[in-house]
Amino acid sequence: MRLFILVLSAGMTLLSQSVSAQNPPKKFKLALVQMTVVGGDRKANLNHAREMIDEAALNQANVILLPEAMDLGWTDPSALTEAQPIPDGQTCQVLIGLAKKHGVFICSGLIEKAGDSVFNSAIIIDPEGKIILTHRKINELDIGHPYYALGNKLNVCHTPYGTFGLLICADANTKNQVLTRSLAYMGADVILSPSSWAVPPGHDNEKDPYGSLWENAYEPVAKDFAVWIASASNVGKMTAGPWKDWNGIGCSLVIDNKGKIAVKGPYGADADTILYVDVNPVARPAQGTEWEGYWHATK
């Protein structure tokens with residue numbers, strides 16, 4: 001195994017592990033946990049996450065994806081006082097126990113305390129309970145800056161279901177989708193993205209349907225790199241912070257490796273549900289500079 005480090009401007013590093021021989025990715029069942037998240041209430045959120053993970057495992061899910069900031073809620077002020085470390089915090093330990101109990105991969109957003117800093121983070125846990133990938137959100141909205149320090153790395157990890165990349169919500173909305181495309185260049189077959197999608201009070205989904213922002217961000221990358229992209233968003237009213245009284249509205253989304261919508265969750269503050277989709281990653285058609293030739297040939 002070799003470790004490659006690509007240094008970008010502004011001090012960002014992209015880390016990718018390259019294996020000399022990797023088995024083709026296997027088809028798997030993905031569960032998107034579009035759950036109610038209560039701001040600042042870790043106990044309620046972990047109890048509900050446990051219930052939904054148990055249900056997803058009962059329904060034979062192999063990989064379970066939960067929302068951004070699942071334990072405390074996005075931009076809830078509790079982040080500044082209640083954030084916990086990875087892997088020793090309660091949130092991590094509960095999720096580790098559930099991954100081991102059910103023999104599944106679990107990906108979730110959580111609020112991380114590291115030294116004097118707080119990060120909007122996400123983890124992937126393997127069926128043995130090992131954290132195989134940690135990501136700290138890079139492209140945080142300006143209203144999140146008082147709560148979270150920014151990450152400076154991108155990562156991928158290898159699983160029997162292919163190479164997984166990890167983003168958080170607005171990381172996918174950088175100019176030209178640079179972070180998402182970087183994960184694809186690094187070998188991701190599937191990109192997982194815990195998210196927290198919300199709308200202001202009184203939003204009319206019939207007049208202004210929610211979701212095109214994310215479809216426009218995901219579809220070009222999925223099509224260009226033959227990669228699956230999956231995002232699970234929370235639901236429920238936000239009770240504190242800069243978006244107080246906004247509604248988390250779900251609309252969780254999976255885009256397949258052809259750039260088409262594979263599944264889209266229901267809209268609404270009460271749209272608490274689990275969505276299932278069979279993900280069938282394909283052998284990567286190119287790597288490195290070969291992508292240019294692949295794009296030319298498929299035009």
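## The cavity

Searching the whole structure, a predicted model, turns up one cavity of 30 Å³ or more. Here a cavity is a set of points on a 1 Å grid over the protein atoms alone where a 1.4 Å probe fits but cannot get out. The largest cavity holds about 120 Å³ of space, with volume taken as the space filled by probe spheres set on the points, which are joined across faces, edges and corners. Its lining comes to 16 residues, with Val37, Gly39, Gly73, Trp74 and Met238 closest to the centre; a lining residue has an atom within 4 Å of a point.

By class, that lining splits into seven nonpolar, six polar and three charged residues. Nonpolar covers Ala, Val, Leu, Ile, Met, Phe, Trp, Tyr, Cys and Pro, charged covers Asp, Glu, Lys and Arg, and the others, Gly among them, are polar.

## The second largest pocket

A pocket is an open set of points with protein on both sides within 12 Å along at least five of seven lines. The second largest pocket has about 270 Å³ of space. Its lining has 20 residues, and Trp197, Ala198, Tyr210, Leu213 and Trp214 sit nearest the centre. Two or more lining residues come from each of β12 (198-199) and α5 (212-225), and α5 gives the most, three. Helices (H or I, at least four residues) and strands (E, at least two) are DSSP runs numbered from the N terminus.

β12 also belongs to an open, antiparallel sheet of three strands, ordered β12-β15-β14. Strands pair if DSSP finds at least two bridges between them. Two bridges join β12 to β15 (residues 247-249), and Ala198 has Gly248 as its bridge partner there.

## Aromatic contacts

There are 16 aromatic pairs in the structure. Rings of Phe, Tyr and Trp (its six-membered ring) pair if their centres lie within 6.5 Å; planes under 30 degrees apart are stacked, over 60 edge-to-face, the rest tilted. Phe28 and Tyr161 make a tilted pair, 5.1 Å centre to centre with 45 degrees between the planes. Phe28 lies in strand β3 and Tyr161 in the loop between β9 and β10, so the pair ties together parts 133 residues apart in sequence.

Phe28 also forms a tilted pair with Phe164, at 5.8 Å and 50 degrees. Phe164 is in strand β10, 136 residues away. Phe28 is buried at 2% relative accessibility, and Phe164 is buried at 0% (buried is under 20% relative accessible area, exposed over 50%, partly exposed in between, with a 1.4 Å probe and protein chains only).

## Ground rules

Residues are numbered from 1 along each chain as its sequence is written, and side-chain values use heavy atoms, leaving out hydrogens and water. In this predicted model, local features need pLDDT of at least 70 and side-chain atom pairs count only at pLDDT 80 or more, while totals for chains, interfaces and linings use all residues.
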